[in-house]
Amino acid sequence: MPSEWIARDDQTVTLKGEWTLANYRLIKAALQQSETQTEPGKPTDATVSLDAITRLDTAGAILIAELIGVEKAQAVADWAAELPKEQQALLVRIAEAMEAPLDVDPPSYSRISQALASVGQHMVGLWSQQRQLLAFIGLVVATLFHLTLRPRHWRLTATVAHIQQSGLNAVPIVALLTFMVGAVVAFLGATVLQDFGATIYTIDLVAFSFLREFGVLLAAILLAGRTASAFTAQIGAMKSNEEIDALQAQGLDPIELLVLPRVMAMLISLPMLAFVGMLSGLAGGAMVTSLSLDISLTQFMATLQKDVSVTHFLVGLSKAPVFAFVIAVIGCLEGFKVSGSAQSVGEHTTSSVVQSIFMVILIDAVAALFFMEMGW
Amino acid sequence: MINSDKPTEQNDLPVIKVRGLVNRFGTHVVHENLDLTLERGEILGVVGGSGTGKSVLLRSIVGLKRPNDGMIEVLGTTLNELNEAQRSQIERRFGVLFQRGALFSSLNLQENIALPLIEHARLPREDAEHLARVKLSLVGLPPQAALQFPESLSGGMVKRAALARALALDPDILFLDEPTAGLDPIGAAAFDQLLVTLRDALGFSVFLVTHDLDTLYAACDRVAVLSQKRVLVVDTIDKVADTDDEWIQDYFHGPRGRAAQRAHTAFSNNANVQE
């Protein structure tokens, strides 16, 4: 079988042409076709001549070493002395490298045990995640108490910077979003209540939902997406850059320096943003009622004052610090869990957003039950 | 030379020709009118104090930084005259080892090295991973390392793996940015030797940025000294070491320079005796 790279007569196999990476697949196919090897993976017994090879690179050398066997390739000087010195050196070097066992495929398991193992891993992961979260909350609270009495250790500058980033800069998006949701709720209320001739109660609907739930919930969910991810990415990048280790090695407390300013900033920002959310949700509702239901702004305000007590506002706002604490703590903790790679930063950022949104909604549901039972 | 018989290029042409290179960052001038030539098949060591723009020079040649002025000719073509596709053709003939390895952290070692083989040489994954494993073994990594991720490796192993990746496509020009920094002396010496062996076998040219005096003595054919925003001198190491310049004298004849020189002289005397 004539080929560009291999030729054989009775006992001699002559390799020729360019044995390079570009031709790797073609050479491999030619080798298979020539049936030089009695069985794949086993070196040939035939005499091999390398004289006609014009170019050789590592890929070609690997093929040759496989063809003739590692021992023979290492002793290339003895039987192929005409081969240029450089090519001999290359072949010997490659053969040395191939002496070590190269296959290290991981042990494989059956699908069922893989599935079981995966379920188990997730359960253990979930459990340890909750334990870590509780432990971290404890650590943060302990550090917080410890520092309350030492104003010298309050990181005011950092805290204010974080308030600006996570609070002030989030005002436009929170206001816009709650305004639109307020309008939607008013529309829905108007449509349903019209059938009962009770459109005036749209005002109560908007007021109740935004003061008790939506204002704070929407603000919290936005901050969970916006700020928890930022905290995780910031701390995660510091972690993978060994900055956290550097802090600890200098006897500085990363909780005090990195976590507390963020937690404090969130504790201050979120209630304010929740307040902004409530106001702007009410404004959205007021816009819809005045434009499509012919309820004037004055009437809207009057109904608001008459029907809606301040308790609802307080109930809503009381949840804000809890949400803020949970979001900040989860964001920071996930940051600390980051290990070296860029992928890990991504994974933990995702995880921190998912976890904090989940926790916010869970806590909100529990709180709703509690407040209802209390009759507040 | 084995690797140099490409019909379109004359073999005696230098692989890299830099003329009148200017690099600025804002008002800070890094290179002013810099000339440098890398001959085919040689290992050129580039040294210079911190901040003299060794890495910037490397990045300009590789095409990661657009120079403010000047001409860079690589393998007979001027880089900034090329379009994207032609550039990519040239760039796949480079192998670059970055200072901190720059292995892809989401891939294990074998996939790191198989990636260019799959993307550029269009090998099937199975073949690419087989070649990758041989290359890993070639740079002295144990077989188990093939399935490990970069984050779990020591600094020395990262350097080796990065070299294996730089060698994946059998490049014509190898750019090494401080390859022996962070290696233990034994590992560094093995690296120097590996570099020379591979260069002899594969015939590539090496642009080697380093601070390591032992590497300069053991591996480099010529040494270029970057100083005062240009290449102060390029020559064999002995001649460079004799240049009358304060920095060069401090560098090559300081305590570390003398030790490296002694070690090298002793080593070559031994070799001569044995021959």
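**Entry 1: a sheet in chain B**

How many bridges join strand β1 (residues 16-25) of chain B to strand β4 (residues 69-74) of chain B, and do the two run parallel or antiparallel? I looked this up and found five bridges, with the two strands running antiparallel. Before going on I noted that this is a predicted model, in which local features need pLDDT of at least 70 and side-chain atom pairs count only at pLDDT 80 or more, while totals for chains, interfaces and linings use all residues. Residues are numbered from 1 along each chain as its sequence is written, and chains are lettered from A and ligands numbered from 1 in the order in which they are written.

For my own use I wrote down that helices (H or I, at least four residues) and strands (E, at least two) are DSSP runs, numbered from the N terminus, and that two strands pair if DSSP finds at least two bridges between them.

I then followed β4(B) to strand β5 (residues 77-78) of chain B, where the pairing is antiparallel over two bridges. B:Val74 has B:Thr77 of β5(B) as its bridge partner, and B:Glu73 has B:Thr78. The hairpin of β4(B) and β5(B) has two residues between the strands, and B:Leu75 takes a positive phi near 50 degrees there.

Taken together, the open sheet has four strands in the order β2-β1-β4-β5 of chain B, with antiparallel pairing. Its edge strands, β2 (28-38) and β5 of chain B, each pair on one side only. Helix α1 (residues 54-62) of chain B packs on this sheet and touches β1, β2 and β4 of chain B, and its direction makes about 120 degrees with that of β1(B). I noted that such angles run from 0 to 180 degrees between N-to-C directions, the axes being lines fitted to C-alpha atoms, for helices over the stretch in contact; a contact means that two C-beta atoms, placed from the backbone, lie within 7 Å.

For chain B as a whole I recorded ten helices and ten strands. Of its 275 residues, 44% count as buried, where buried means 20 or more other C-beta atoms within 10 Å, exposed means 12 or fewer, and partly exposed lies in between, with C-beta atoms placed from the backbone.

**Entry 2: a sheet in chain A**

In chain A I looked at an open sheet of three strands, which has the order β1-β2-β3 and mixed pairing. Because β1 (6-8) and β3 of chain A stand at the edges with a single partner strand each, one side of each is left without a neighbour in the sheet. Three bridges join β1(A) to strand β2 (residues 12-19) of chain A, and these two run antiparallel; A:Arg8 has A:Val13 of β2(A) as its bridge partner.

**Entry 3: two helix pairs in chain A**

Which residues make the contact between helices α1(A) and α2(A)? I first noted that α1(A) and α2(A) pack at an angle of about 15 degrees with their axes 10 Å apart, which makes α1(A) roughly parallel to α2(A). Angles under 35 degrees count as roughly parallel, over 145 as roughly antiparallel, 65 to 115 as roughly perpendicular and the rest as oblique. The contact is made by A:Tyr24, A:Ile27, A:Lys28 and A:Leu31 of α1(A) with A:Ala59, A:Leu63 and A:Leu67 of α2(A).

The second pair is helix α9 (residues 202-240) and helix α12 (residues 297-307) of chain A, which pack at an angle of about 60 degrees with their axes 10 Å apart, and α9(A) and α12(A) are therefore oblique to each other. From α9(A) the contact takes A:Ile203, A:Asp204 and A:Ala207, and from α12(A) it takes A:Phe300, A:Thr303, A:Leu304 and A:Asp307.

I found A:Ser290 in helix α11 (residues 254-292) of chain A, where A:Ser290 is partly exposed, with 16 other C-beta atoms within 10 Å. A:Ser290 and A:Phe300 lie ten residues apart in sequence and 8.2 Å apart in space, C-alpha to C-alpha.

Last, I looked at where chain A touches chain B, a contact that takes 29 residues from chain A and 27 residues from chain B. On the side of chain A, the elements giving two or more residues are α1 (24-34), β3 (47-56), α2 (58-68), α5 (85-99) and α14 (342-374), and the largest share, eight residues, comes from α5(A).
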